[in-house]
Structure formats: C-alpha cells, structure tokens
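The points are numbered for reference.

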Amino acid sequence: MTSGAPRRILHVFSRLDRGGAETRMMDVFRHMDRTRLQFDFLVLEPGQHHYDEEIEQLGGKKYMVRHPKRSGIFAHLKDMYQVMKREGPYQAVHAHTAHHAGLAMLAARLAGVTFRVCHARTSGTSGSMLKRFSILFGRLLMLRYATRLLAISCEAGRYLFGQRAVDSGKVEVVPNAIDLSPYCRLQEIEVASSRRYIGIPDCQLLLGHIGRLHTVKNHVFLFKLLAHLRDSQIDARLVLIGGGALRKQLEQQAEDNGVLSCVHFLGVRTDIPPLLRLLDVFVMPSFYEGLGGAAIEAQAAGIPCVLSSSLPEEVDMKTGLVRFLSLHQPIGDWGQVVREQATQPRPSFERIYAAFFKRGFLLEQELDQLQHAYGLSTFPQDYLGKRRIYEV
C-alpha cells in the first residue's frame with residue numbers, strides 16, 4: 001500500500017439492498033473520511049442491488065462470488081479468498097452474514113488479512129436440523145478465526161457466538177447507530193397535509209411499520225390489530241414500508257381480515273424520517289429481531305412505539321416512547337396500549353439526542369468502535385470523520 005493511500009475494508013453481505021445492516025453501514029460509509037478509509041463490498045447474491053450506484057459514487061467497489069448453496073462450500077471459499085488476495089491488501093474484512101461469516105473469516109485468514117470482524121445482527125432463524133448444524137459449524141469457524149466479535153445486542157451475540165463467548169467478554173456490543181441529522185427538523189412537518197399528499201385519507205389513528213415483507217415481521221398480527229381497532233369504532237389505518245416477495249400474500253391476508261382498504265403498502269422508500277413523522281404509533285410485532293433498527297428510527301423521529309417483547313431491551317432509548325408486549329397477550333391488550341401510546345407527548349429533539357448519546361447510538365460513537373475493530377486505534381480521533389454538531 002502506497003503512503004497516504006486510504007486503508008480499505010471489505011464488507012461481506014448477502015446482498016446490498018435496503019436491509020437494516022446494509023443501510024446502517026451505508027450511513028457509516030457516507031460520513032467517514034474516505035480520504036483515509038475506503039469500503040469495498042463482497043456479496044453472495046448476483047444481480048443489481050439498491051446501493052450499487054451509491055457505492056460506486058463514494059469510491060467503493062462491489063465484488064460478487066458464487067453462493068455456497070450453488071457452488072459448494074469449497075468453491076465458494078476459494079472465490080472469497082481470490083477476491084481478498086487479488087483486490088487487497090485489506091486492512092480488515094468485516095462480515096455481516098450470520099453463521100456464513102465463519103467461512104468469510106477462514107478465507108480472510110488464508111488471504112493474510114490481519115483484522116477479521118464478525119457482526120451478529122439477528123437473534124433467531126427458522127430451526128431446521130441443517131440450519132442448526134450450519135450455525136454450529138459457522139460459530140466454530142468464527143470463534144477460531146475472527147479477531148473481533150461484534151453484536152448489535154447481547155441477545156444477537158448469544159445467538160450467533162454462544163453464551164460462553166458473551167460471558168467471557170469476547171463479544172463487544174456495537175449497536176446499529178443512526179445519523180440523527182435527518183430527524184432534527186421533523187417537528188416542522190405539517191402532518192395532515194403531508195398524509196393527504198401521499199394518499200392517506202384523514203383518520204383518527206395512523207399506525208406504521210417498517211420492515212421487509214417477510215414472515216418474521218409478523219404482518220398478519222398487524223392486520224388483526226387493525227381489525228380490532230376498527231371493530232372498536234376507531235378510524236384506524238396502517239402504513240407498511242418495505243418490499244419483499246410476500247406482497248401479494250399479505251394483501252390477501254389483509255383482505256381476509258377485512259382491512260385491505262385501510263392498509264397502505266408504500267414499498268421501499270428512501271424518505272423514512274418524514275414518513276415516520278406522519279405516524280401516531282409505530283408497531284413492531286416481530287417474532288425475533290437482532291435489535292429492531294426501525295424502532296430506533298421511530299424513536300429518533302419522536303414516535304411512540306409498541307413492540308413485541310421478543311425484541312431486545314436495548315432497542316428502548318429510554319425517552320418514554322416504548323412499550324413492550326408479549327405476542328401471547330390478547331389483541332385487546334395491544335389495542336389498549338396502542339391507544340394509550342397515541343396520547344404520549346412527543347419529546348424534543350434535544351431530549352432524543354441526549355438519550356441516543358447516553359446509550360451509544362450516535363453514528364459518531366459507532367465509527368469510533370469500528371475504528372478499534374479495524375485496528376486503527378492509533379489514528380487521531382477524527383480519523384473516521386469529524387464530530388457532527390446538530391442544529392436544534
């Protein structure tokens with residue numbers, strides 16, 4: 001590496017669409033000092049992805065390798081090794097692909113990459129015998145070949161790396177921090193006219209949810225909740241933000257619950273902060289989450305939340321906006337709590353900022369933690385970008 005050239009980090013993802021992990025790392029990529037640090041991306045899924053163009057604009061590169069399910073483990077391992085050797089040298093390899101990250105760590109070790117980072121980002125999966133074996137095999141590789149084990153929550157760390165690794169202090173919690181700057185002026189948005197502008201009629205109670213259209217997000221529960229509220233003579237509607245293969249199936253399930261006309265499928269959006277501002281309550285009834293990044297975004301926007309108790313406690317920023325409920329509780333309990341949350345006062349941005357800072361969820365704080373994981377702790381404090389000052 002020539003003197004003065006930026007240090008390069010290779011991130012490993014399945015794809016580069018608008019998932020939580022991908023979106024959070026793109027936040028980091030946008031705000032770091034790219035004259036000193038540069039990100040490249042290795043992906044397992046072929047084709048064009050949402051962030052491809054922006055990655056190129058920011059100076060990064062994307063490399064595709066054959067998926068292990070199609071090529072076999074050894075061919076896949078060889079593909080990753082060849083990218084790391086041919087396109088390097090890399091300061092670090094940072095894998096975000098759950099148990100698959102073990103293979104990425106082995107390839108990085110064989111390629112001579114000194115800093116090898118695994119990041120646990122989920123706390124559950126469907127539990128076939130083959131899947132459980134894959135998790136165990138991947139865990140063994142990660143514990144042997146990774147130099148740093150990161151997790152977005154303690155629960156995610158236990159799931160991917162095991163209780164022993166967490167208890168021994170080998171796992172460092174690095175939360176999905178967000179850039180708060182898009183949230184600091186949301187109070188200036190005129191809610192009623194903005195709702196009408198995007199096609200949402202006037203209503204008494206607007207619920208919202210952000211997440212890919214996938215079984216784990218438990219959208220059917222949202223339809224049942226909406227039906228209960230409307231049966232209780234509350235003019236409620238539901239906004240769903242996110243895309244996925246289950247769109248048609250979910251539309252049918254909304255129809256089966258008699259609420260399709262009151263559900264607004266907005267698809268994948270890039271204007272999340274102003275859309276969140278339009279909600280009365282954010283609801284997330286997921287069966288499991290590594291952390292629940294969308295709920296954190298909702299709190300950044302000052303929106304009261306009702307969350308499944310399956311989510312980690314770390315998702316609560318302690319601004320009084322979050323209530324947890326078990327999915328086993330009656331739908332009437334959820335309806336009552338949703339109505340109560342809708343009346344909660346909205347905290348000021350100053351209070352939100354202070355809460356995020358106290359809990360380590362500011363983007364600047366995540367940048368510092370990643371700096372250490374990449375072996376860059378000897379560089380100046382502003383190595384990954386100057387501190388941000390928000391106007392409030």
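The points below cover the criteria, the count and some individual pairs.

1. The model is predicted: local features need pLDDT of at least 70, side-chain atom pairs count only at pLDDT 80 or more, and totals for chains, interfaces and linings use all residues. Residues are numbered from 1 along each chain as its sequence is written, and side-chain values use heavy atoms, with hydrogens and water left out.

2. A salt bridge is taken as a side-chain nitrogen of Lys or Arg within 4 Å of a carboxyl oxygen of Asp or Glu. The count under this rule is 22 salt bridges.

3. R24 and D27 form a salt bridge through their side chains, at 3.1 Å from N to O. Both residues sit in helix α1 (residues 20-31), three residues apart, so about one helical turn separates them. Helices here are DSSP runs of H or I with at least four residues, numbered from the N terminus. R24 and D27 are both buried (under 20% relative accessible area; exposed is over 50%, partly exposed in between, with a 1.4 Å probe and protein chains only).

4. A salt bridge also joins the side chains of R30 and E54, at 2.6 Å from N to O. Because R30 lies in helix α1 and E54 in helix α2 (residues 52-57), this pair ties together parts 24 residues apart in sequence. R30 is partly exposed at 29% relative accessibility, and E54 is partly exposed at 21%.

5. R24, D27, R30, E54 and E297 are linked in a network of salt bridges.

6. For R36 and D33, the side-chain salt bridge has an N to O distance of 4.0 Å. R36 is partly exposed, with a relative accessible area of 34%; D33 is partly exposed, at 22%.

Methods
Helix = DSSP H or I, 4+ residues; strand = E, 2+ residues; numbered from the N terminus.
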